[in-house]
Amino acid sequence: MVFQSLDSLADEGSEQLKDNLKKDSQEYVIRFWNNTNGLPHNTVYALEKGPLGFIWMATEEGLTRFDGSDIEVFNKDNVPELIENSFYGFFLVEGKGIWAAGDYSLAFIYKNIVKVVDCHEITTDSWITAVTEDHQGNLWVGTKNGQLFQLIDDKFAQVPNWLPKEDVSIQSLYNSGNQMFIGTDEGLYSMNLDSFEYNRIGPKDLNTRIIFTVKDQVYIGAPKTGVLSLDKSENLTTIIPDKDLAFLDYRNLRVDDKGNIWGGTEKGELLIIEDGKVSKIPLLEISDISIRKLWVDEDMIFIGTQGKGLAVVRKSTIQKLDHALLSKQNIRPIFISPNGTKWIGTKSNGLFKLDGEKTISFTTKTGLQSDAIVTIGGDDEKIYVGTRNGMHLINAKNNKIERNYYAENGFPGEHVNTIFQASDGKVWFSIANKGIYYLDDKGEAVKVNLPEKLQAVSYITVQETKSGELLYGSISKGLVRIKGGVFQEHIDLPLTPGENIIYSIFEDHDGSLWLGTQGGLLWYNNKSFKHLTKNNGLNANGIYSIMEDHHGKIWLSSNFGLQRIAKEELTKFKSSDDQFFYVTSNFYGHENGMSNEETNSLIYPSATMDKNGTIWYPTIEGISIADPGSIQEDRSQLKFHWDILRLGNSFKNILPGQDVIEVPADIDYFGITFSNINYHNPEQVAFYYRVKNLSEDWIYLSDRKELIFNSLKPGNYSLEIKTIELGNIESVHSLNIKVLPLFYETYTFKLILVVIGLLLAMFLVQYYLKVRIGKDLERMVEQRTHDLNDTNQKLESAMLEIAAQNETLKNITWQQSHTVRGPLSKAMAIVQMLMNYSKYHELQMSKEKLFLELEKTLEELDKMIREINKKFEGLRK
Amino acid sequence: MAAKVLIIDDDPVVLLLHKVILKEDCGADMIACFSEPVKALEHIITHQEEIDKFVILLDINMPVMSGWELMDALYKELDHSQLHVIIVSSSVSIEDKEKAKTYPSIMDYWEKPISKNNCISLKQILESLNAC
């Protein structure tokens, strides 16, 4: 095993992934996406990066779209236009989209599935093998049985003049100006698109699997021949012979933006053709797995495999120290001396000195009192090593142990917690439960005079301030300030006993202090503390180290990996009164390349920065190295897209540029998905949203990319998504949502309702009035009726009276005509007798008798008239 | 057989006076006077074979039986087609005159006292009856 230069390893962190890969040093991380985490099928037949930046993959279970963290599947279930789910080929139309070929259909992809073309008529007994667009934008489709079609006005037409031989397959099509290159398994052809005349280029048995260009230079990939270049005069030259490209699947040849040609083999290896030379990179994780397709970005490779899904290879953010002896060890303190020599302590295997490519180990076998190293300090010449059982002084020049400090020879204790050489050159150390010491000129231990309660204390970390003071952090006794060996101040921590452990101390540029404790991060300023814990966004409550890089970031280590916080974020925290302050930050763990996420504590130092600004972290499994300067913060890669509007069970694309969506009235709930293309820091992006009309507060979405809205009232809303990457505000994206009202919720309807209401009210009023008037009338009528009845009765009685009077009158009349006239006529007759008395001989009455009779009759008459008069008087009443 | 006049009136003086007037002024030979209508009814019924020769002068207002009641009794007991009745009443009421018209047998309505004209018409009636 050859140890490489550790310095150069660290330096190379910012170089190309290619070089990292080529170095055979595992300086890449590979992450898989398969049917356990979103991919519908583990074989990726085709893979292409679309114009919007999504990585698209073709599988037998649908077309899939990858944005760095999520895979969206498009199949017949959610895209009814699709005729089939199985797709095998992708054909990129630069800047426009991707044609995906299935067994008997083509689908055009942009952000989603834009168009589907039924190809049944041209795929009888065959299938689509090549697709391209010509210079006029017409689609060309080649088939397995050598047929060549143009799609014009949505109808397939055979390309004129093209007469394939029997058993020839079209394998690739490439358009260049008015020239179409037609690659078959039996020769490459060039067709003039004006005349449709074509001629063969090169040998007739050339199996033209792929045609591609690098910087306007056309290349051909031909199995059994190799990679060939095609010049303007249509001459073919072999660049790389096939024998140098063993197991290459020619279909996946690909050019990166630097002009290098990449390919993948059936053995899970990457091939890089660079300046005419081939490098082979075996990827252990996919060894013996066929690479079907790949896409190479500047620092990322997307590999579609047969059986293992999508493999995303990228340069590690955090490096692992690749060292045969140390990679798997439980590493304790790491000390880097000014000249760059690394001194590495382990938990139980002693001390290692890495000097250039040399490694020297120190163990109990070579003179150490203990193999459990706790602390290392010193300079280029003298190295002090603290163990569980005393301290050693090692001469860094000759690697000899020059002095042993044991309890037996007068050393005041056993377990050395810290060793620290201050800027004045004096060596300070602390011993478990024994307080703080320094070495005098003769190398003898001298105890620092501390108040009694601070003497039998374990001081486990130390920090020299700019003013030359030493700050010691203890287990359970807080912080002690020493100047010139003299105790200055004791600062107690506002923590519970279990949390009251200071693992690390950091002096801010303003002189305030940050303490990494078991109870979180404490900021000490003006004799008061402010507290950051997991609740405020810390990765863990036990903060083992606090380091400031040269890029404005603070790095924390814990049992859960590394956390990077922008200093501005801490400045914000300092002035914030919000007890729910949430610190935005980045986490680095196993997925970023850490050898192990569990860093070590109760050692000193617990993290070390080398002269290049690279931070070395001891973990329970090897050393993890963070190079803050190499961390990609290229935000141009960020691409936010509103994606799909889900209305109940139906899906609607939100088109690029569309900023308003309408939600029909009868939808109870709807979902809006978005995607954020980010291949570099997919884990480092957090999303927040708010619906402006409902709340001004941002709601944390974590990495969720779907919003479900329930029973949103009709109206216009403004949905905003805020993406925060790497602890900085990235961008805010808004989408207007128009929730349409049901007919009874429309203004028109409400207006109608109001009108109806008014009419009803009017009607009611009228009705009421009517009723009241009616009642009044009724009452009046009743009154009138009553009156009338009264009158009637009166009339009736009057009538009766009248009738009675009438009767009386009648009687009177009758009496007049009968009774009165009786005596009257009698009297008249008697008078007549008397007057003619001489004449009537027969009369047997004397005149006297007649007169008497007359008188009697008149008296009778008189009597009657008096009676009548009496009756009249009765009527007059 | 000569026609016979029957005078029915409850007042004996009037009965006498009318008998004299009829005899003297109207030339009636055969006159029978009844002051009680019931007696007159008996007479008529017993002499009903001569009824066509009777001219009955009937007063209306009479006690026990009025002229109308007598008429009704006659209509009830006899073939009234041969009956000749003249109402002689002191009543001048139209009512009585109208009622009289409802009896076909009543030939005329005279208001008391009997006038010369009444005598003339009776003469003619008697002459016509005698002529038969």
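This is a predicted model: local features need pLDDT of at least 70, side-chain atom pairs count only at pLDDT 80 or more; totals for chains, interfaces and linings use all residues.

Modeller: Helices here are DSSP runs of type H or I with at least four residues, numbered from the N terminus. Helix H3 of chain A, residues 567-575, is one such run, and it holds both Glu569(A) and Lys572(A). These two are three residues apart, about one turn of the helix. Their side chains form a salt bridge, with the closest N and O atoms 3.1 Å apart. The cut-off for such a pair is 4 Å between a side-chain nitrogen of Lys or Arg and a carboxyl oxygen of Asp or Glu. The two partners can also be placed by accessibility. Glu569(A) has a relative accessibility of 5%, so it counts as buried. Lys572(A) has a relative accessible area of 45% and is therefore partly exposed.

Lys101(B) and Glu98(B) meet in a salt bridge, 3.7 Å from N to O. Both belong to helix H4 of chain B, residues 94-101, and because they are three residues apart there, about one helical turn separates them. Lys101(B), at 63% relative accessibility, counts as exposed, while Glu98(B), at 43%, counts as partly exposed.

Arg254(A) forms a salt bridge with Glu48(A), and the closest N and O atoms are 2.7 Å apart. Arg254(A) is at 11% relative accessibility and so counts as buried. Glu48(A) is at 5% and also counts as buried, the limit for that label being under 20%.

Salt bridges can also join into a network. In chain A, Glu469(A), Arg481(A), Glu489(A) and Lys527(A) are linked in this way. Side chains of opposite charge can pair when their charged atoms come close.

UniProt, in an unreviewed entry, places the feature "coiled-coil region" at residues 840-871 of chain A. In the model, that stretch is 78% helix and 0% strand, and its end C-alpha atoms are 40 Å apart.

Notes
Residues are numbered from 1 along each chain as its sequence is written. Chains are lettered from A and ligands numbered from 1 in the order in which they are written. Side-chain values use heavy atoms; hydrogens and water are left out. Buried means under 20% relative accessible area, exposed over 50%, partly exposed in between (1.4 Å probe, protein chains only). UniProt positions are given in the numbering used here, feature names are shortened, and annotations may be inferred rather than shown by experiment.
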